[in-house]
Amino acid sequence: MLRIAVPNKGSLSGPAAEMLHEAGYRQRRESKELRIVDPANEVEFFYLRPRDIAIYVSSGKLDIGITGRDLLIDSGAEAEEILPLGFARSTFRFAAKPGTANGVEDLKGRTVATSYEGIVEGHLAEHGIDASVVHLDGAVETAIELGVAEVIADVVETGTSLRNAGLEVFGKPIMKSEAVVIRRTGAERDEAEPKVQQFLRRLQGVLVARTYVMMDYDCRVEQLEKAVALTPGLESPTVSPLHNEGWVAVRAMVPAKEAQRIMDDLYDIGARAILTTAIHACRL
């Protein structure tokens, strides 16, 4: 039975559970449940603190887990990312009082407060910067006001809380994070690998279903090459002859964000297009 770690709370928890449900897996009904078994899919889910998941997976006690890329890197665990999931995206950056620094090179000899010392220490070492790193839990914006540090490093979404604290981001982003599936480094040789690949295929199917819609259209045969260039699909579109001579019917998956523009482009070459449905059960 495949043993999977899932975030039990925070911004990762809800979207992870929703994706697993879409992939056909049973999920817990109450937040108090810390473990459930899905016998139909031969999977056992463990609901853990997101920060701890990489540690459990790296120990080999659990086969795979869902956590944030930032938490994986910060943990220093012997685990690796095997599939990005596209939700809980964030950017990790330095911030300070205006005029304090322009880039990481200005942090030499300074003190940086953060909740992610593993990430910060690794980033500073990568750039050859000798600086002190102070670990703080929770909001780190007040560290500068209270004189604990001169610079902070934290997740930045809108930047509103930083501006309210009189701070501004500087330099290039330290890293970009999102939810990811992880496994123990070197685990591709484990007996559980076939089940892991099945799990990944299901999640990849959900990702495709969320990204694409199905488009059907009719067009003249002489315009088919132009039309197919606009709608190449994932591999290739389905093309069928129509009863009316000289016309074909085409079905292809197109990116949902570009669907309306593609319909306009098809109209310009004389094709008649409709969006038939979103893809709810795509399996790769």
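Reader: What makes the protein more spread out than a compact globule?
Author: The secondary structure comes to 9 helices and 15 strands. For 284 residues the globule rule gives 19 Å, whereas the radius of gyration of the protein is 24 Å, well over that value, so the protein is more spread out than a compact globule. Along its principal axes, the C-alpha trace spans about 80 × 50 × 35 Å.

Reader: What percentage of the residues in the protein is buried?
Author: Taking under 20% relative accessible area as the cut-off, buried residues make up 45% of the 284 residues.

Reader: What share of the contacts with a separation of 6 or more joins residues 24 or more positions apart?
Author: Such residues account for 68% of those contacts in the protein.

Reader: How far apart are the mean positions of the positive and negative charges?
Author: The mean positions of the 33 positive and 42 negative charges are 3 Å apart.

Reader: Which elements have the lowest and the highest mean pLDDT?
Author: Strand E15 (residues 272–278) has the lowest, at 70, and strand E4 (residues 64–68) the highest, at 97. Over residues 280–284 the pLDDT is below 50, and beyond near neighbours in sequence this stretch has 12 contacts in the model. Where pLDDT is low, the predicted coordinates should not be read in detail. For the protein, the mean pLDDT is 90, and 97% of its residues reach 70 or more.

Note on methods
Residues numbered from 1 in each chain as written. Predicted model: local features only at pLDDT ≥ 70, side-chain atom pairs only at ≥ 80, totals over all residues. Heavy atoms only, no water. Helix = DSSP H or I, 4+ residues; strand = E, 2+ residues; numbered from the N terminus. Rg over C-alpha atoms; globule rule 2.2 N^0.38 Å. Buried < 20%, exposed > 50% of the residue type's maximum accessible area, 1.4 Å probe, protein only. Contact = heavy atoms within 4.5 Å. Lys, Arg positive; Asp, Glu negative; His and termini not counted. Charge placed at Lys NZ, Arg CZ, Asp CG, Glu CD. pLDDT = per-residue confidence, 0-100.
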